[in-house]
Amino acid sequence: MRLIWIALLMAAFGLPDRERDRAALLAADGAHARSSDFLSAFADDATYLHPGAPLVHGKAAIRAVLADAPGPVTWTPEYADVSDDGTLGYTYGWTHLGDQQGKYLACWRKKGTGPWHVTMYARTRLATGTIPRTDGEEAIAPPVRGRADPHELLAADSAFAANEAVTLGPPAAPMNHGRDAIGATFTDFPADAVLEWAPVSADVAASGDLGCTVGEATITARHSYSKYLTVWKRQADGAWKFVADGGNARPAP
């Protein structure tokens with residue numbers, strides 16, 4: 001709740017455009033969390049990554065999937081960032097249902113002076129636990145503009161270059177912040193388990209500094225199938241590197 005109030009105060013006073021946009025997005029996610037309709041902030045053509053289900057496209061299809069899911073699930077936003085032009089952003093945080101919790105990652109779009117809408121959303125499965133406390137907010141690198149080319153972002157997704165990023169990880173564990181923490185999650189990864197993935201769609205801000213991709217991954221040797229949502233930020237050298245990533249299981253093809 002404290003973060004939401006800070007966001008509202010920041011949005012109300014004269015702050016640099018990007019900070020004001022970040023505060024507005026965090027406030028929008030907080031308002032969404034208080035809504036009785038989970039899909040109220042979703043775009044009509046949104047993509048949803050529900051644990052154990054295939055990729056779901058469109059609000060009507062998402063509503064049908066959620067009709068059979070336990071709920072209602074509530075959530076607490078932890079972090080938000082936006083593109084330099086203020087039209088694309090992402091948030092992540094914690095989901096809750098009774099004594100269970102999980103995590104979520106969402107990409108948002110805003111057209112003109114209209115409201116923010118969720119265009120891509122992924123959450124982990126739920127597990128019993130409490131929210132680990134974080135030590136303050138992450139440092140935010142300045143934006144680096146470039147071409148708003150989805151094909152360029154899809155190519156970066158195929159290469160999957162990492163920077164100082166965050167991954168959601170297991171539902172009841174802290175989020176993995178930074179290259180070392182993310183790398184440690186692969187320490188016990190079996191030698192015969194080759195992870196293959198392919199992006200399905202991409203969305204890039206017109207300023208060319210921030211983008212999101214959705215795709216599917218497979219570990220054939222382990223008969224493991226998953227899907228993912230990744231947020232990308234352009235670096236000072238012009239390259240795309242991911243800054244947030246989350247996903248969950250999907251059915252076998």
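**Notes on side-chain contacts**

1. E19 is partly exposed, with a relative accessible area of 26%. The model discussed here is a predicted one. The side chain of E19 meets that of R22 in a salt bridge, at 3.2 Å from N to O. Both residues belong to helix 2 (residues 17-34), where a spacing of three residues separates E19 and R22 by about one helical turn. An α-helix has 3.6 residues a turn, so residues three or four places apart point the same way.

2. A second contact of R22 concerns an aromatic ring: its charged end sits over the ring of Y79, 5.7 Å from the ring centre. Y79 is itself buried, at 4% relative accessible area. A further contact of this kind involves K110, whose charged end sits over the ring of W116 at 5.8 Å from the centre.

3. The structure holds nine salt bridges. One of them joins D37 and R63, whose closest N and O atoms are 3.7 Å apart. D37 lies in the loop between helix 2 and strand 1 (42-49), and R63 lies in helix 3 (residues 59-66), so this pair ties together parts that are 26 residues apart in sequence. D37 is partly exposed at 31% relative accessible area, and R63 is partly exposed at 43%.

4. K59 and D44 also form a salt bridge, with 3.9 Å between the closest N and O atoms. Since K59 lies in helix 3 and D44 in strand 1, the bridge ties together parts that are 15 residues apart in sequence. D44 counts as exposed, with a relative accessibility of 62%. Elsewhere, salt bridges that share partners join R18, E19, R22, D81 and K233 into one network.

5. How many aromatic pairs does a search of the whole structure find? The search finds 12. Among them is the tilted pair of Y79 and Y90, with 5.9 Å from centre to centre and 50° between the planes. This pair links distant parts of the chain, 11 residues apart: Y79 is in strand 3 (residues 74-82) and Y90 in strand 4 (residues 88-97). Y90 counts as buried, at 3% relative accessibility.

6. The ring centres of W232 and F242 are 6.4 Å apart and the ring planes stand at 75°, so this pair is edge-to-face. W232 lies in strand 12 (residues 224-234) and F242 in strand 13 (residues 240-249), so the pair ties together parts that are 10 residues apart in sequence. W232 is buried at 0% relative accessibility, and F242 is buried at 1%. Ring pairs also link F38, F42, Y48, W75, Y104 and Y121 into a cluster.

7. Which residues of helix 4 (residues 150-159) are buried? L153, A156 and D157 are buried there. Seen down the helix axis, the buried residues of helix 4 fall within an arc of 105°, so they line one face of the helix. H151 and A159 are exposed on the other side of helix 4.

8. On the surface, F186, F189, L195 and W197 form a nonpolar patch, with about 340 Å² of accessible area together. L195 is found in strand 10 (residues 195-204) and counts as partly exposed, at 35% relative accessibility.

Methods: Residues are numbered from 1 along each chain as its sequence is written. This is a predicted model: local features need pLDDT of at least 70, side-chain atom pairs count only at pLDDT 80 or more; totals for chains, interfaces and linings use all residues. Side-chain values use heavy atoms; hydrogens and water are left out. Patches are made of residues with over 30% relative accessible area and no salt bridge: like charges are joined within 9 Å, nonpolar side chains (Val, Leu, Ile, Met, Phe, Trp, Tyr) within 5 Å. Accessible areas come from the Shrake-Rupley method with a 1.4 Å probe; for residues, only the protein chains shown count as cover. A salt bridge is a side-chain nitrogen of Lys or Arg within 4 Å of a carboxyl oxygen of Asp or Glu. Helices (H or I, at least four residues) and strands (E, at least two) are DSSP runs, numbered from the N terminus. Buried means under 20% relative accessible area, exposed over 50%, partly exposed in between (1.4 Å probe, protein chains only). Rings of Phe, Tyr and Trp (its six-membered ring) pair if their centres lie within 6.5 Å; planes under 30 degrees apart count as stacked, over 60 as edge-to-face and the rest as tilted. A charge sits over a ring if NZ of Lys or CZ of Arg is within 6 Å of the ring centre and within 35 degrees of the ring normal. The arc is that of the directions from the helix axis to the C-beta atoms.
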